[in-house]
Amino acid sequence: MTIPTPVRECVSKAESICVLTGAGISAESGVPTFRGKEGLWKKFRAEELANFDSFLRNPELVWEWYSYRKKIINEVQPNPGHIALAEMQRLIRDFTLVTQNVDNLHSRAGSRDVLELHGNITRSYCIRCRKAAFEESLSKAEKIPVCEFCGGLVRPDVVWFGEYLPAAAFEEAMESARRCDLFLCVGTSGVVYPAASIPLTAKEHGAFVLEINPEYTDLSSRVSDTLIGKAGEILPELVRIMKKEHNHESA
Ligand code: BJW
Ligand code: ZN
């Protein structure tokens, strides 16, 4: 992929970078996205399953969805997009990685201090006593895991619709968005708030906001530029540009 010259210049000069990722970055690893045809699981939309009322009404169904996704996530590997972001962090002193994903693939690719806005599917907790539930007790469960301490229902440690995002992670993400000179918005449809407001904040504060997605999104008309293509192809190219600049500087 040829990167347009203004983008190339911005990428090579960037000193402070903030990245927001969504389900699209894990698509090339084989993890289904939420929206679009392939985002449907048994004809349910994420909006119908990812909320507390649905969980109370039908915990079996919601757990079936999470067990299916956990199985996929355990079987896949980070892809060149995840790996490029871990490499970018090693090149740029002020670098923040914010993800909406719960799949842990950024950490597995070697990224550090990942700000997880929507939780992490590898953790679970009891809705009654709030104690963490361990993987071992989950795998022993018939269909719905229950708390080994109090017998309450166990739920995945993720953020559902109508629930607050972890305040410290969200605030740190917003601070980084206000401070950065380059913001990368990778593989997200930009329809879920407040995560989708982070690139908009970066733009308001003067950053060059670059979207990377095979399709135009709800955010496209509001960012500085969109590179139409796959994260696993474009991000390694951006890292090559940054490395060139670093070698040039240290020569
Ligand atoms: C590729 C690719 C490749 C493919 N390379 N790209 C303000 C305005 C309007 C609404 C609201 C608002 N504030 C709050 C709301 C309500 C709600 C909301 O946003 N609703 C909208 C849907 C209308 N938000 C909330 O409820 C949030 N909480 C909140 O605001 O708290 C305050 C509050 C409290 C009490 C009452 C009211 C408010 C919480 C949102 C939680 C979202 N949770 C989920 C599930 C997490 C757990 C789980 O994983 O199961 O998070 S929903 C789901 O959507 C998941 C995702 O993180 C999130 C975003 O999806 P994402 O990542 O963008 O994926 P997709 O599938 O949509 O897009 C994939 C993209 O990849 C596509 O564009 C592809 O083209 C692209 N792609 N291949 C690059 N190779
Ligand atoms: Zn409990």
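These notebook entries cover a zinc site and a helix pair in a predicted model.

I noted the conventions: local features need pLDDT of at least 70, side-chain atom pairs count only at pLDDT 80 or more, and totals for chains, interfaces and linings use all residues. Residues are numbered from 1 along each chain as its sequence is written, chains are lettered from A and ligands numbered from 1 in the order written, and side-chain values use heavy atoms, without hydrogens and water.

**Zinc site**

I looked up the donors (N, O and S atoms within 2.8 Å of the metal, or 3.2 Å for Na, K and Ca). The zinc ion (ligand 2) is held by the SG atoms of Cys 126, Cys 129, Cys 147 and Cys 150, at 2.3 to 2.4 Å. Their spacing in sequence is C-x2-C-x17-C-x2-C. Cys 126 sits in strand 4 (residues 119–126) and Cys 147 in the loop between helix 8 (135–140) and strand 6 (154–158), 21 residues apart. Helices (H or I, at least four residues) and strands (E, at least two) are DSSP runs, numbered from the N terminus. I found both Cys 126 and Cys 147 buried, that is, under 20% relative accessible area with a 1.4 Å probe, protein chains only.

**Helix pair**

Next I checked helix 1 (residues 5–13) against helix 11 (residues 231–250): they pack at about 60 degrees, with axes 8 Å apart. The axes are lines fitted to C-alpha atoms over the stretch in contact, and angles run from 0 to 180 degrees between N-to-C directions.

I then looked at Glu 245 in helix 11. Glu 245 is buried, at 16% relative accessible area. Beyond its neighbours within four places in sequence, Glu 245 contacts Ser 12 and Lys 13, where contact means heavy atoms within 4.5 Å.

Technical notes: Buried means under 20% relative accessible area, exposed over 50%, partly exposed in between (1.4 Å probe, protein chains only).
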